[in-house]
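Work through the exercises below with the sequence and the 3D view at hand. Try each task before you read its solution.

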Amino acid sequence: SGQMQFNLDGLGWGAGVIKGGGQVLWQDAGSTVTRVHPLGNYYVALHGKGDALEYSLTTVGGKLDLHGNGTWRPGTYPMFDGQAVPLPAQREELAPL
């Protein structure tokens with residue numbers, strides 16, 4: 001749950017080339033897996049790099065710190081390497097995540 005804002009700066013895919021970039025802001029993010037709400041606010045930066053889309057996730061603020069990086073190439077599954085670290089006060093409630 002929450003609200004998402006997209007800003008796509010010429011992000012496009014054509015003739016096998018991904019170009020441009022963009023940003024996604026997810027505010028008051030929530031999940032049905034936990035009663036902790038909101039989990040936080042998150043930012044995703046998108047960068048077209050020719051044959052791939054690279055993306056990075058950072059936490060703007062909140063109870064669950066999410067961060068990481070990934071790559072997607074057309075015709076393949078997205079790859080992502082990241083971590084989720086709850087604030088100490090929410091560690092027990094967010095353990096299922």
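**Exercise 1. Contacts of a glycine**

Leave aside neighbours within four places in sequence and find which residues G12 is in contact with.

*Solution.* Step 1: apply the rule that contact means heavy atoms within 4.5 Å. G12 then touches V17, I18 and K19, once its neighbours within four places in sequence are set aside.
Step 1: G12 sits in strand β1, residues 3-14. Strands (E, at least two residues) and helices (H or I, at least four) are DSSP runs, numbered from the N terminus.
Step 2: check the surface. The relative accessible area of G12 is 24%, so G12 is partly exposed. The scale runs like this: buried is under 20% relative accessible area, exposed is over 50%, and partly exposed is in between, with a 1.4 Å probe and protein chains only.
Step 3: look further along the chain. G48 is 36 residues away from G12, and their C-alpha atoms are 7.8 Å apart.

Before you go on, note the ground rules. This is a predicted model, where local features need pLDDT of at least 70 and side-chain atom pairs count only at pLDDT 80 or more, while totals for chains, interfaces and linings use all residues. Residues are numbered from 1 along each chain as its sequence is written, and side-chain values use heavy atoms, with hydrogens and water left out.

**Exercise 2. The salt bridge**

Find which side chains meet in a salt bridge, and state the N to O distance.

*Solution.* Step 1: recall the rule. A side-chain nitrogen of Lys or Arg must lie within 4 Å of a carboxyl oxygen of Asp or Glu. The count by this rule is one salt bridge.
Step 1: name the partners. They are D51 and R73, at 3.4 Å from N to O.
Step 2: locate them. D51 is in the loop between β3 (40-48) and β4 (53-62), and R73 is in the loop between β5 (64-72) and β6 (79-86). The pair links distant parts of the chain, 22 residues apart.
Step 3: D51 has 44% relative accessibility, so D51 is partly exposed. R73 is partly exposed too, at 41%.

**Exercise 3. Aromatic pairs**

How many aromatic pairs does a search of the whole structure find? Work out two of them.

*Solution.* Step 1: the search gives three aromatic pairs. Rings of Phe, Tyr and Trp (its six-membered ring) pair if their centres lie within 6.5 Å; planes under 30 degrees apart are stacked, over 60 edge-to-face, and the rest tilted.
Step 1: take W26 and Y42. Their centres are 6.1 Å apart and their planes are at 55 degrees, a tilted pair. W26 is in strand β2 (residues 17-29) and Y42 in strand β3, 16 residues apart. W26 is partly exposed at 27%, whereas Y42 is buried at 3%.
Step 2: take Y55 and F80. The centres are 6.3 Å apart and the planes are at 5 degrees, so this pair is stacked. Y55 belongs to strand β4 and F80 to strand β6, so the pair ties together parts 25 residues apart in sequence. Y55 is buried at 16%; F80 is partly exposed at 47%.

**Exercise 4. Backbone angles**

Which residues does a cis peptide bond join? Then describe phi of A15.

*Solution.* Step 1: the cis bond joins H37 and P38, with omega about -5 degrees. P38 is in the loop between β2 and β3.
Step 1: phi of A15 is near 55 degrees, a positive value in a residue other than glycine. A15 lies in the loop between β1 and β2 and is exposed at 84%.
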